[in-house]
Amino acid sequence: MSPTSTTPGSVRSAAEVNEQIRSLWLRAGGSLSAQERAEYELLVVEWAAAMRGEVVEAA
C-alpha cells in the first residue's frame with residue numbers, strides 16, 4: 001500500500017478520504033494498476049463509512 005495509507009484505527013473525514021481518492025486517480029492517469037485498484041477499493045469503503053458517520057479500521 002502507499003505511504004499515505006492510514007494506520008489501523010485511524011479516523012478521517014469523508015472529505016479527506018475523497019481527496020485521497022482523487023489524488024490516486026490523478027497519479028494513476030485514469031488507469032489503475034492492480035495495486036492501485038486494491039487501494040481504491042479500500043478507500044471507497046472507508047469513504048462510504050465516513051459518509052454514514054461510522055468508524056472503520058483501515059486495512
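Hi everyone. A quick definition before we look at the helices: an axis here is a line fitted to C-alpha atoms over the stretch in contact, and the angle between two axes runs from 0 to 180 degrees between N-to-C directions. With that in hand, let's turn to the chain on the screen, which is a predicted model.

First, the overall picture. The chain has 59 residues, and 27% of them count as buried. It contains 2 helices and 0 strands. Mean pLDDT for the chain is 83, with 73% of the residues at 70 or more.

Now for the helix pair. Two packed helices are described by the angle between their axes and the distance between the axes. So how do H1 and H2 sit here? Helix H1 covers residues 14-28 and helix H2 covers residues 34-52; their axes come within 8 Å and cross at roughly 160°. Angles over 145 degrees count as roughly antiparallel, and H1 and H2 are therefore roughly antiparallel to each other. The crossing of H1 past H2 is left-handed.

Who takes part in this contact? From H1 we have Ala14, Val17, Asn18, Gln20, Ile21, Leu24, Trp25, Arg27 and Ala28, and they meet Glu36, Glu39, Tyr40, Leu43, Val44, Glu46, Trp47, Ala50 and Met51 of H2. By class, the residues of this contact split into 12 nonpolar, 2 polar and 4 charged.

On H1, take Trp25. Setting aside neighbours within four places in sequence, Trp25 is in contact with Gly30, Ser31, Leu32 and Tyr40. For a distance to check on your own screens, the C-alpha atoms of Trp25 and Arg37 are separated by 9.8 Å, and these residues lie 12 apart along the chain.

On H2, take Glu39. With a relative accessible area of 6%, Glu39 is buried. Glu39 and Ile21 are 18 residues apart in sequence, and their C-alpha atoms are 8.9 Å apart in space.

Key: Residues are numbered from 1 along each chain as its sequence is written. This is a predicted model: local features need pLDDT of at least 70, side-chain atom pairs count only at pLDDT 80 or more; totals for chains, interfaces and linings use all residues. Side-chain values use heavy atoms; hydrogens and water are left out. Helices (H or I, at least four residues) and strands (E, at least two) are DSSP runs, numbered from the N terminus. Angles under 35 degrees count as roughly parallel, over 145 as roughly antiparallel, 65 to 115 as roughly perpendicular and the rest as oblique. A crossing is left-handed if the near helix is turned anticlockwise from the far one by less than a right angle, and right-handed if clockwise. Contact means heavy atoms within 4.5 Å. Ala, Val, Leu, Ile, Met, Phe, Trp, Tyr, Cys and Pro count as nonpolar, Asp, Glu, Lys and Arg as charged, and the others, Gly among them, as polar. pLDDT is the predictor's confidence in each residue, from 0 to 100. Buried means under 20% relative accessible area, exposed over 50%, partly exposed in between (1.4 Å probe, protein chains only).
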